[in-house]
Amino acid sequence: MAFKKAVKGTILAGGGALATILGLSQFAHYRRKQMTLAYVKAAENVSEPVNKDPPSREAQILTLRNTPEFDVLVIGGGATGCGCALDAVTRGLKTALVERDDFSSGTSSRSTKLIHGGVRYLQKAIMKLDIEQYRMVKEALHERANLLEIAPHLSAPLPIMLPVYKWWQLPYYWVGIKMYDLVAGSNCLKSSYILSKSRALEHFPMLQKDRLVGAIVYYDGQHNDARMNLAIALTAARYGAATANYMEVLSLLKKTDPQTGKERVSGARCKDILTGQEFDVRAKCVINATGPFTDAVRQMDDKDAATICQPSAGVHIVMPGYYSPESMGLLDPATSDGRVIFFLPWQKMTIAGTTDTPTNITHHPIPSEEDINFILNEVRNYLSHDVEVRRGDVLAAWSGIRPLVTDPKSANTQSISRNHVVDISESGLITIAGGKWTTYRSMAEDTINAAIKAHNLKAGPSRTVGLFLQGGKDWSPTLYIRLVQDYGLESEVAQHLASTYGDKAFEVAKMASVTGKRWPIVGVRLVSEFPYIEAEVKYGIKEYACTAVDMISRRTRLAFLNVQAAEEALPRIVELMGRELNWNDAKKQEELETAKKFLYFEMGYKSRSEQLTHHSEITLLPSDVDRYKKRFHKFDTDQKGFITTVDVQRVLESINIQMDENTLHEILNEVDLNKNGQVELDEFLQLMSAIQKGRVSGSRLAILLKTAEENLEGRVPIPVDRSCGGL
């Protein structure tokens, strides 16, 4: 009874605060609609795309070069920039977009993969009666519903659990989450609910059960961020926008306005990074949508322009899928230092993050070991003691730069804007900055509205609400079954293609190679653990992939899921791309080295290698040292102090295990710290010590030697498979 009274009192208090913000009539309206599923009105008055398929990059560059003047030139190919291009072109404006790197190569591909309204912002709105915070959440919840509607193949609702370990927090958090549902109104995905301790553990069995009171589950959206960004870019291209990646802006063009005598931005001098060619792209309006690089473009316009971007680094790590349930996320609302950590299933793996620390602006952000360990420590606090959270289970890690901004027109220029900022310089350069992934469409709408007004462009209202993105229009949850039946693809591969390409999955399937097996009939995988197939490399080139890095990180998501698997797939990817793009041997080698460098620095491979070095400390008990020496000497039979592929091959043959020499070389190379082609006893002991500490997991050599030892002793053999390829 006391608990019910506490809940009721908290609801009334929270409801009163929300009613103060909304007004009583609106508050009642949202309460009536809280159970209604999200619905987004379809886009009206938008003609069919002018192109059935996006034009080739070469054709797009010709359009950029030969068009006398565009209405709008967008600089930046992230979610916001591509959103601006799509908004402009669907209003009938002649639109161009240039991106220095690849579409979504920056922050837009390195997010938490959530489409959300912002539970924390709503809490502040209610507690502080802050109408700006409320409007921001309201807008984001509308955009969340729209994004789930227009790209159903790339996004879906995701239940997120908030575990509660103190009784008084249960009603407090529940009211806050219920307010989230109320503010969503007709855009509420599904109603939140409370779970008892036993039910919470049923849904999330690896959860820390000590002192657990219960849990609250609410719904947000999740998506494949890089593919979503690419879908926006491809949709803009199909509607007629001239879009080109690897096109750098060297300087802004200006001309004098005959009426005012002032200089106005009139385009940009661009350079095709792939060919080195330079040319001018002229436009009535130039939009700066470059995220963390906002100030660099602003200072091209005015070298004295004040900086408005305050970059913050967010690090995420990827762990094996067994760390979380397949369809339930986790939110830690109060970490040891006050930051929020998400723990989410994604692409059959588990994402944990993010951190939020000041950083310098760079094209190549690197995840720090400090941030990785911070996330791991927070994860340990929430998972059962039965689950050993190992550093070696980090399969990939990345850092994204969040471009927090201050409003240059604000009286308090030191205050970071909670929402996005649209700024128009004296020379007419329009800058859109801040905001978040979820609100990319409304940010684009606001930006194009400002452009139309400032530059007297002839265009109607925005038409992107309900406008299907590439692949979404004819997608259905059962589309993958047709792929299995019509093409003979594996079910897992078919599901992957359907959820990545939507109704364009059939085009990929048509390109798939015959396997030569009874089943699957087509669809040769790039790497055995993941459903990516070789045909995706060929199709990725049609989607403007120009480099091997584009393919492993944004056309497929291998680099974000498992860096070792990505490295294994690289030679074949380079070979396939080289065949399609006519690369010579030197170019293939350059692509291979560049991609490996990307994996090493930006995707966490460097952190992995630092877990096992010449200076790694051996902290084994004497009994463990004796046991591992005995195992090592079963291979080093002549007591020379090291083992080679020949030694391993000899023992394997004696127990009837076949393994090719190249694979053996790869296995030994993972542990061969001084790269002399052999593994010394000290290197093996360092490996076993690192495995005991959890710094390394899934070592193929360690499992291979253990398997051989057990076979030699007459035990049942253990399969020699790499366990997730952990870092």
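**Figure 1. An aromatic cluster in the predicted model.** Trp168, Tyr172 and Tyr173 form one aromatic cluster. The structure shown here and in the views below is a predicted model. Across the structure there are 14 aromatic pairs.

**Figure 2. The aromatic pair of Trp398 and Phe560.** The two rings are arranged edge-to-face, at 4.9 Å centre to centre and with 65 degrees between the planes. Trp398 belongs to strand S16 (residues 396–405) and Phe560 to helix H18 (residues 558–561), so the contact ties together parts that are 162 residues apart in sequence. Both Trp398 and Phe560 are buried.

**Figure 3. The aromatic pair of Trp437 and Tyr440.** The ring centres of Trp437 and Tyr440 are 5.7 Å apart. Their planes stand at 75 degrees, and planes over 60 degrees apart count as edge-to-face, so this pair is edge-to-face. Trp437 has a relative accessible area of 11% and is therefore buried. Tyr440 is also buried, with a relative accessible area of 3%.

**Figure 4. Lysine charges over aromatic rings.** Lys113 places its charged end over the ring of Trp346, at 5.0 Å from the ring centre. In another such arrangement, the charged end of Lys640 sits over the ring of Phe642, 5.3 Å from its centre.

**Figure 5. The second largest pocket.** This pocket holds about 1200 Å³ of space. It is lined by 39 residues, and those nearest its centre are Trp346, Gln347, Lys348, Gln495 and Ser499. Trp346 is also the residue whose ring lies under the charged end of Lys113. Elements that give two or more residues to the lining are strand S4 (155–164), strand S6 (214–223), strand S13 (341–346), helix H13 (479–487) and helix H14 (491–501). Helix H14 gives the most, with six residues. By residue type, the lining divides into 20 nonpolar, 15 polar and four charged. Domain 2 (114–120 + 153–222 + 311–403) and domain 3 (478–610) each supply at least three residues to the lining.

**Figure 6. Val394 and Pro320.** Val394 is found in the loop between helix H11 (369–382) and strand S16. Its relative accessibility is 1%, so Val394 counts as buried. Pro320 is 74 residues away along the chain, yet the C-alpha atoms of Val394 and Pro320 are separated by 7.8 Å.

**Figure 7. Two cis peptide bonds.** The bond from Gly353 to Thr354 is cis, with omega near 15 degrees. Thr354 lies in the loop between strand S14 (349–353) and strand S15 (357–358). Trp519 and Pro520 are also joined by a cis peptide bond, where omega is about -5 degrees. Pro520 is in the loop between helix H15 (505–511) and helix H16 (535–542).

Figure 8. Arg211 is a residue other than glycine with a positive phi, near 65 degrees. It lies in the loop between helix H8 (197–203) and strand S6. With a relative accessible area of 66%, Arg211 is exposed. Gln639, not a glycine either, has a positive phi of about 55 degrees. The loop that holds Gln639 runs between helix H22 (622–633) and strand S19 (642–643). Gln639 is exposed, with a relative accessible area of 52%.

Terms used
Residues numbered from 1 in each chain as written. Predicted model: local features only at pLDDT ≥ 70, side-chain atom pairs only at ≥ 80, totals over all residues. Heavy atoms only, no water. Phe/Tyr/Trp six-rings, centres within 6.5 Å; stacked < 30°, edge-to-face > 60°. Helix = DSSP H or I, 4+ residues; strand = E, 2+ residues; numbered from the N terminus. Buried < 20%, exposed > 50% of the residue type's maximum accessible area, 1.4 Å probe, protein only. Lys NZ or Arg CZ within 6 Å of the ring centre and 35° of its normal. 1 Å grid on protein atoms, 1.4 Å probe; cavity = no way out; pocket = protein on both sides within 12 Å on 5 of 7 lines; lining within 4 Å. Points joined across faces, edges and corners; volume = space filled by probe spheres on them. Nonpolar A, V, L, I, M, F, W, Y, C, P; charged D, E, K, R; others polar. Domains from an automatic or database assignment.
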